[in-house]
Every structure is written in structure tokens, then in C-alpha cells.
Amino acid sequence: MASVTSAGAIAAASMAMVAALISGLLVYKKCFSLSLRKPQEIFCRDMTVDGLIGAIGNTPLILIKSLSEATGCKILAKAEFLNPGGSVKDRVAVKIIEEALESGDLVKGGIVFEGSAGSTAISLAMVAPAYGCKCHVVIPDDVAIEKLQILESLGATVERVRPVSITHKDHFVNVARRRASEATKFSQGKHDKEAKKTRAIDSLPNGHVSPDISPAFVFPNDCKGGFFADQFENLANFRAHYEGTGPEIWAQTGENLDAFVAAAGTGGTLAGISRFLQVCIAGISRFLQEKKNDIKCFLIDPPGSGLYNKVTRGVMYTREEAEGRRLKNPFDTVTEGIGINRLTKNFMMARLDGAFRGTDMEAVEMSRFLLKNGGLFVGSSSAMNCVGAVRVAQLLGPGHTIVTILCDSGMRHLSKFFNPQYLSDRGLTPSATGLEFLDVR
């Protein structure tokens, strides 16, 4: 009797092992079948990756149930806030640095310079050491204080400048470009007498350039040159999404989506994804020799930005501004990292079917709605993207699949976008109980 029981136990154990093996093989097959449907490998999350860089990308595509139920569409969002550096800009930082190293524009021991309102700077500061480089960022002095604190904690040299027009020589982007050139000259021994007074970055706390220290020529003594990342004009930004984010969305949706919508700052995310998706549709149509439904791609633009006008009217200014009544400082929004009043090389790569204008109030209300109805704690640009997703759903009608981007979390927006007093002072105190602010009842 005992032998029968023992045999039964062994048989049961064997069956369990076979079932576990089959289950494992199915997971393995599912993961690697994805890699056959896109030009790069998609890893399962439980697989070992190569350091920090290997952990960037392949973020989940999540269903936003609250917005989906309210609109009758399947609204999906790429959870880019789950990247190691907390934002979609991690992808861009890796691509820019890797291409620069490959071309020789940047060498190990060199300094990566960038002018950024926050997220790209943070990603570069995090990624640069993984490639043996340092990072020097120039930021407007009105960005959320927590972004500055993160940059300093990451060991980047931080230079703060007042916000001015991009045409001004001291705009943060122009200052970063100038610093890169100065660093290269310094490393080549071409610096002038003033440069000989240089102070090593190591002597400064956290590498921060204090207001009472002239920022000129503040480079480490072992500096091996400077490289200007130039996220606005460097098409490595576009390629990061054309080769990465776009293919991931295509695979994760099972090649079945109707629309994509996002805001634009540099334009790299919107351009890379929109161009990839439309290339996919064109390729499938040629392969099947029949017309496949297009994937519609849209821009959602914040107040003060000229991109909405460019997409809808072909010009960067409004009708009033065309009559010579352009405001002195037209760009005024509580959102950060999106909206711009010039065309970048990255944005010009986009393939768009239309655009929507979002408001600060809509972004604030959306962020609170997502938090209360699903626990999504997202930043200002992510909230604006979700406003865009609802607008697209209203345009297309129920039954469509719409994808957007959750760029970063609300953690970087505590002092402004999630500060009740800051919002109250600007008449932006949220009060909605649902989505009535977008005419969804």
C-alpha cells in the first residue's frame, strides 16, 4: 500500500514539474516572440539586464481604466516614469551619449553639457557616469526646486540662469553650447590667461556652481573635452523613440491601435513614435497589397506654445499675433518640459494628423482625477497627454485604441504643480469631481 502511495506521489510531482516546465516555456516563447516583431530585443522583466543602461526602456503599457470607461475607448499609456531615472528622457540620454561616443564627439572622461528644464538633465546626469563621463547642466532658475536637488545629488555641475528668449546669448541652451566649446578648448590647452584661474569642480559642493563664482571655465583639471548634447536639434533624440519606444508600443498593442497622442517639447518622442507607426502601416499595406486603416497621430499643446498653430494653420503665431499684437512673453504655463515657440529638427520629423490645445486647468484637474481614480501620480506633461487622449477619444468615438505617454511621475512637481498655494495664486485650484472639465459626463 505504501508503495502505491509513494508511486502516486512521484507521479503527481512529475506532473507538477512538467506543468511548471510547460508554463516556463510558454512565458519564454511569449517574450521572445515579441523580439521577432520589432527591430530590437524585448526582455522579460525577470531576466538579468546589463547594469543601469540595460534597465532603461521596455516599460509597461498600462490600461487607464478610468479614462477608458469614461470614453468608451481603450486608453493605454506607456509608463515611462518606471525608467531608472524616472522619465522618458532616460532613453534619449542613452542614445545621445552612445552615438557621441561612437562618432568620437565625446570620449571617456569628457563632459556632457546640456541646457534643460529638468528631466533630460536628470537623465544625462544619471547615465553619463555609466559611460565614464561627467555632466554639466544649465537650467532656468524657475524650474521646480526638487529637480535642482536631484541634479545636485547626482553629482552634476548645475548652472542656473534667468529665463530669456532662445535668441538671447544667455538662454540656458545657448549657455550650455558655449560651455561645451569652452571645455573642449580648455582640454586642448587653448584657454586664455583667465582660464588659468580655473577651480576644479571637485572643490565645489556637489559640483554646484554657486552664484558668487563665475561659471566660466569651471571644469575639472582632468577634463577631456566637452560635448553639447543638444536635445532639441540632435536627431539621436528622434532615433531613441523611432528605434525603441515606437517598436515597443507596436509590439505591446499586438499591432492594433488607432491613435497616438502626446505633447512636445523637443519633439523627439512625438516624432519618433508617429514616424515609426506610420512606417509600419505603410509597410503592412504594401505587404498585404491592400489599404490598412491609418494610425492617427496628434499633438496636445499647452498654453503659450506655438506648435498647435503650426500644425493647424501652418504658422507659429495666432491670428491676433499675426496682426502685430504678439505678447512680450507669450509662453506662460504651469506645465514643464512641453511647449515651444520654435521648430526643432526633431519636431519636423513628426507625421501628424491634427492638434489640440490643452489648458493648465485641464492638466491640473486631470492629474487629480488620475490619482483619485486609479492611483496614478503623474507630472504635468503626463497629465496634459491624458487630456489629449480624452480629446482624441471624443474625436474618434467609442471602440478605438488610443496610446499616450506618462513621461514622469508627480514626484518632480511637488513644489509647483502639486503645491496648493502655488496653484491658488494662479487661479488653478482643482474642483472637479469627475471629467466634467473635458465635457465628459
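Predicted model: local features only at pLDDT ≥ 70, side-chain atom pairs only at ≥ 80, totals over all residues.
1. E243 is partly exposed, because its relative accessibility is 33%; the term covers values between the buried class (under 20% relative accessible area) and the exposed class (over 50%), computed with a 1.4 Å probe on protein chains only. The side chain of E243 forms a salt bridge with that of K95, at 2.7 Å from N to O. A salt bridge here is a side-chain nitrogen of Lys or Arg within 4 Å of a carboxyl oxygen of Asp or Glu.

2. Residues are numbered from 1 along each chain as its sequence is written, and side-chain values use heavy atoms, with hydrogens and water left out.

3. As to overall content, the chain contains 14 helices and ten strands; these are DSSP runs numbered from the N terminus, with H or I over at least four residues for helices and E over at least two for strands. Of its 441 residues, 52% count as buried. The accessible surface of the chain is about 20,400 Å², and carbon and sulfur atoms supply 55% of that area, as given by the Shrake-Rupley method with a 1.4 Å probe. Among contacts (heavy atoms within 4.5 Å) with a separation of 6 or more, 73% are between residues 24 or more positions apart.

4. Six strands make up an open sheet of mixed pairing, in the order 1-2-10-7-8-9; two strands pair if DSSP finds at least two bridges between them. Strand 1 (61–63) and strand 9 are the edges: each has a single partner strand, so one side of each lacks a neighbour in the sheet. On average, neighbouring strands of this sheet are turned by 25 degrees against each other, direction ignored. In general, the strands of a sheet pair through backbone hydrogen bonds, either parallel or antiparallel.

5. Strand 8 (residues 296–301) runs parallel to strand 9 and is joined to that strand by four bridges; I300 has F356 in strand 9 as its bridge partner. Strand 7 also pairs with strand 8 in the parallel sense, over four bridges, and F260 stands opposite C297 of strand 8. Five of the six residues of strand 8 are buried, which leaves the strand mostly covered.

6. Helix 13 (residues 380–396) lies across strand 2 (74–79), strand 7 (259–262), strand 8, strand 9 and strand 10. Its direction is at about 170 degrees to that of strand 10, where axes are lines fitted to C-alpha atoms, for helices over the stretch in contact, and angles run from 0 to 180 degrees between N-to-C directions.

7. A search of the whole structure finds 14 salt bridges. One of them joins the side chains of E336 and K147, at 2.7 Å from N to O. This pair also links distant parts of the chain, since E336 belongs to the loop between helix 11 and strand 9 and K147 to helix 6 (residues 145–153), 189 residues apart. E336 counts as buried because its relative accessibility is 11%, and K147 counts as buried because its value is 3%.

8. A salt bridge also joins the side chains of R179 and E182, at 3.1 Å from N to O. Both residues are in helix 7 (residues 172–187), three residues apart, and are therefore separated by about one helical turn. R179 is buried at 6% relative accessibility, and E182 is buried at 14%. Elsewhere, K78, E80, R91 and E248 are linked in a network of salt bridges.

9. F347 is placed in the loop between helix 11 (319–325) and strand 9 (354–357) and is buried, because its relative accessibility is 8%. Beyond residues up to four places away in sequence, F347 touches A264, T266, G267, L270, L307, V311 and L352. T266 is 81 residues from F347 in sequence, yet their C-alpha atoms are 6.6 Å apart.

10. H413 is in the loop between strand 10 (401–406) and helix 14 (420–425). Its relative accessible area is 3%, so H413 is buried. Leaving aside neighbours within four places in sequence, the contacts of H413 are E146, K147, G379, S380, D408 and F418. K147, one of these contacts, is also the salt-bridge partner of E336.
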